[in-house]
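Welcome! Open your viewer, keep the selection tool at hand, and follow along stop by stop.

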Amino acid sequence: MHNLALAEDVVQDACCRALEVWEADGVPENPSAWLMATAKNRALDVIRRERTARAFAPEMGRLLETEWTLAPLVDEAFAAGTIRDEQLRMMFSCCHPRLPEEAQLALILNILCGFGAKEIASALLSGQAAIEKRIARGKQVLAEARRLFELGDAEFAARLSTVRRALYLLFSEGYHGASAAAAVRADLCAEALRLTALLREHPPAATPATDALAALMCLHAARLPARIDAAGDLSGLVEQDRSRWDARLTAEGLALLERSATGAELTPYHIESAIAAVHAGARTLEETDWRSIVSLYDRLMAIAPSPVVALNRAIAIGQRDGAARGLEELAAIEDRDRLSRYPFYPAAQGELELRRGDRVAAAKHFQGALALARNEAERRFLEKRLRSCDPSNTGAKP
Amino acid sequence: MSEYVFLFRANQADQREHMGTPERAQASMGAWLTWIRELEAKGHLKNPGQPLDLAGKVVRGAKKVVTDGPYAESKDMVLGFIIVEARDLAQATELSMGCPMLGGSGSVEIRPVAKYPA
């Protein structure tokens, strides 16, 4: 673990340097390779300069004193650590215990995924200025963290959950992201799947919660081909052509979900993947077991309440008990002010109003949603919904 | 226990052979690291020494003539040194046998640190 500790520390340095350089010159084409090279050079610099001031593992210290072994040691630290993939290692580095979780996430998304402050703000339901401040402060904390530390079991477990959450957010950003360019960024979903698969290959990280996360991603990724329709437009779960769902990914997701059902811990990933599995099991919208879905959302609200979960629960209740009940649930969401920038809150209101026949109210909500749309695909999707509120457009399917 | 300086020597062709490409250099460095680690683990590494750059100057004679050196044609340039602790010359020699520099035409010169009478 000493090598890992060495790498951790200098990777932090490199990450901080990356933040400075990338802010000035933009993100390089291959940020991961750039970071690796920088981190190695930083390692050599730091060790040469601060050999005596730093506390290295004793059996390593003497070999860092001589140029005979310094470079190969650093190489080794970066090549064959406990965690093989440098991106994962960097994720673990960004999850520094002195940083609040949101700052860790902001750093990971910024450094490893190349997200701008705006995208991160949207993914974390926060303001852009707040995220910028958080990244700057996070960078400062990492720069001040001089002590080399070992990642003990407890520390590893704590960081693992943050890494999982970051991967979850990465996937979500790809799946219903706020990027200006596209509503669906399959590349981000693929990255999240790849990194999660990597976590699963690393035994201490391959816990049931990690399996559940992987299941969740597979089951959602299976729906990606149907999420954008033939015209290139965003297509909601309600109207998707389910024959285009990826059967292989669905099967993989279900197998992973089964694997995850061990141990005592029930995580939000378990419940969310169970919800996705219910959808995957329904060949048509009408076949959907909304009772199960609502009860799963109830459990999710019990262990991980959030306004977005509450929103999805309200939509499911609307499906189970009718539009009026769904609207009541939407209005009753406690901290719905946190959804004030989220276009799918007014969109859900519009959908339910439309279903119970109030086209005027529906149109008003869709207009509100349209004003919040974060990219062209969302805008087109919401414009289409808005047009279907027009009384002359009687053929429109809700 | 006594101290022995290990002087590592090789010619340039040999050096190129082992460090010529990043892959070869990495393999050589890996073998080197393994060997040094073993010496360290067994308590034989008195001083991890330093490698020496091949470019330098040589100052010679009363006239202090300065030339570039060591010489490119030299058969055995000193690449660097470490100091090993061993029971006797025989054990020190034995310890040198695992040195990965002995793969090519390289050599290890084992020289006891002299103890002059006080």
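Which residues of helix α3 (residues 89-96) of chain B are buried? Select B:A92, B:L95 and B:S96 to see them. Here a residue is buried if 20 or more other C-beta atoms, placed from the backbone, lie within 10 Å of its own. Helices (DSSP runs of H or I, at least four residues) and strands (runs of E, at least two) are numbered from the N terminus.

Before moving on, a word about what is on your screen: this is a predicted model, in which local features need pLDDT of at least 70 and side-chain atom pairs count only at pLDDT 80 or more, while totals for chains, interfaces and linings use all residues. Residues are numbered from 1 along each chain as its sequence is written, and chains are lettered from A and ligands numbered from 1 in the order in which they are written.

**Stay with α3(B)**

Now look down the axis of α3(B): its buried residues fall within an arc of 100 degrees, so they line one face of the helix. The arc is taken from the directions from the helix axis to the C-beta atoms.

**Zoom out to chain B**

Colour chain B by secondary structure and you will find 3 helices and 6 strands. Trace the chain along its sequence, and the pattern reads β-α-α-β-β-β-β-α-β. Of its 118 residues, 17% count as buried.

**Where chain B touches chain A**

Next, show both chains. Their contact takes 13 residues from chain B and 13 residues from chain A, where two residues are in contact if their C-beta atoms, placed from the backbone, lie within 7 Å. On the chain B side, α2 (22-41) and β2 (45-51) each supply at least two residues. The largest share of that side, 7 residues, comes from α2(B).

**Last stop: two helices of chain A**

Select α18 (residues 344-355) and α19 (residues 359-372) of chain A, which pack at an angle of about 165 degrees with their axes 8 Å apart. Axes are lines fitted to C-alpha atoms over the stretch in contact, and angles run from 0 to 180 degrees between N-to-C directions. That makes α18(A) roughly antiparallel to α19(A), a label for angles over 145 degrees. To view their contact, show side chains including A:P346 and A:L354 of α18(A), and A:H365 and A:F366 of α19(A).

Notes:
Buried ≥ 20, exposed ≤ 12 C-beta atoms within 10 Å, placed from the backbone. Parallel < 35°, antiparallel > 145°, perpendicular 65-115°, else oblique.
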